[in-house]
Each structure stands twice: as structure tokens, then as C-alpha cells.
Amino acid sequence: MKKLFVSFSIFALGLSVISFVPQKDAKAEEILKNLSSKSKSYTSIKADFTYSVKSEDIDEKRDGKLILSGEKYRYNLFGVIKICDGKSIAEVNEMDEEIILTSVNYNDPDEMSPKDMFTIYEKGFKYRFIKDITENGKTLHVIELYPEVEKDSPYRRITLDIDKDDLTMKRVEFSHKTTSKVFTFTINKYEFNSVIPAGTFKVDCSIRENFDCDDQRGAK
């Protein structure tokens, strides 16, 4: 479950010719900068989302919830709660009654914070505006990101659907580089600047006192 949000090795299958993609598409850059600026202005973001994975033999969909505040986040998906206080991460597996504590590793490409989906374009990607689409009465900007160096990313392409009117991310789609899998996060509902209860981002063994707790933060 460590890779759920990288995969927010996870947020179709794109076979676009990457060498023809411009390094910086001016229209895409303006939209992405506005999205990033607005997202950073919120003290907190709550979101209900749907996660799906599709391939030739897989078609699975699950709902989840996210709370995000600065470097801190908490989300639940597939019976696992993942909590980050900015320094440490707790993975709480309700079914196995287990907690695993680890340190945040910003050098690990598989340790992607949910907040990064609003700023992912800033480093390591080239991007271009594709088109506007209409969905449920809303106009969405469609922008595609491609890794500048293919070996640095597990994804061939990342597609962002951004609401034109309120500059919120509506969908993030990851096309895996070496498989036919497409991982998609669709945001169904947002709530901004909510007061976050104390303890929401608590990371220690007392999260579930009766669960087995494996503290790996001192491991080398």
C-alpha cells in the first residue's frame, strides 16, 4: 500500500512520440501555474475520490477519502489508512490489525505525497495542452505530462483534467510504462479550508492500541 498515491505507483496507455512533445507548452504552463498557486493558498483540502485500475484483465474501482494540510496528509483506501505528519508515515491495516511506521523519504520516487499531484509538473516533466472537454456541464482542460528522462519515471504519460472555472483537479490518470495498466484518481467532492481535528495526522503506535506495531523509522 506504500505506492497507492504514486500509483497518486498509482495516480490511456499512451504511446505518443515523446520526442515531439515541447519542453514547455505556454498554455499548459499557465493553467498548471494557476492550479498550483490556488492549491497552495488553501490551509486544508478534503476530498472524496474514486481510484480505479484498468488493464486487459483488470477493471477495479474503489472509493476513498483524503485530508491534506501542507506536508501532512491522511487517506484511506483498500482497508488501509495512510497518515503522514510531515516527517513520519503510518500505514494502518485494519484487516491485519497492523501498523507500520516509516520515515518520509523524499528521494524515493514511490513516496509521493497527494499534494504533489497539484505541482507534479514543476520538476522532471514536459507538458502540453491537449484540448478542452465538456463533462457534466463543466469545461475541463486536458493536459498531458511526459517524463523528461524516461528512466526516472514509472509512467509513460500522466493526464490531468482541470476544471476551467474553479481551477480544481478533477482527474489524474497514470499510464504505466511497462504494463498495460492505467491508474486513475477522480475527485468527486472537495472541501477547502476546513478546521482539521487534533490528532488527525498523529503518527505513532497508539493510533490503534491493540494492533501490532512495527516501527521501522530507525532501520538502516
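Q: How much space lies in the largest cavity?
A: In this predicted model, about 50 Å³ of space lies in the largest cavity. A cavity is, on a 1 Å grid over the protein atoms alone, a set of points where a 1.4 Å probe fits but cannot get out, and a volume is the space filled by probe spheres set on the points, which are joined across faces, edges and corners.

Q: And which residues line the largest cavity?
A: The lining, meaning residues with an atom within 4 Å of a point, includes Leu 35, Ser 39, Phe 118, Met 169 and Phe 192. By class there are eight nonpolar, two polar and no charged residues, where Ala, Val, Leu, Ile, Met, Phe, Trp, Tyr, Cys and Pro count as nonpolar, Asp, Glu, Lys and Arg as charged, and the others, Gly among them, as polar. Both α1 (26-40) and β11 supply at least two of the lining residues; helices (H or I, at least four residues) and strands (E, at least two) are DSSP runs numbered from the N terminus.

Q: Before I go on, what do the numbers and the model rest on?
A: Residues are numbered from 1 along each chain as its sequence is written, and side-chain values use heavy atoms, with hydrogens and water left out. Because this is a predicted model, local features need pLDDT of at least 70 and side-chain atom pairs count only at pLDDT 80 or more, while totals for chains, interfaces and linings use all residues.

Q: Which way do β5 and β6 run, and what about β6 and β12?
A: β5 and β6 run antiparallel and are joined by six bridges, with Val 92 having Ile 99 as its bridge partner. β6 and β12 run parallel, joined by four bridges, and there the partner of Ile 99 is Cys 213.

Q: Switching to salt bridges, how many are there?
A: The whole structure has ten salt bridges, each a side-chain nitrogen of Lys or Arg within 4 Å of a carboxyl oxygen of Asp or Glu. One of them joins Glu 94 and Arg 208, whose closest N and O atoms are 2.8 Å apart.

Q: Where do Glu 94 and Arg 208 lie?
A: Glu 94 lies in the loop between β5 (88-93) and β6 (98-103) and Arg 208 in the loop between β11 and β12, so the pair ties together parts that are 114 residues apart in sequence.

Methods: On a 1 Å grid over the protein atoms alone, a cavity is a set of points where a 1.4 Å probe fits but cannot get out, and a pocket is an open set with protein on both sides within 12 Å along at least five of seven lines; lining residues have an atom within 4 Å of a point. Two strands pair if DSSP finds at least two bridges between them.
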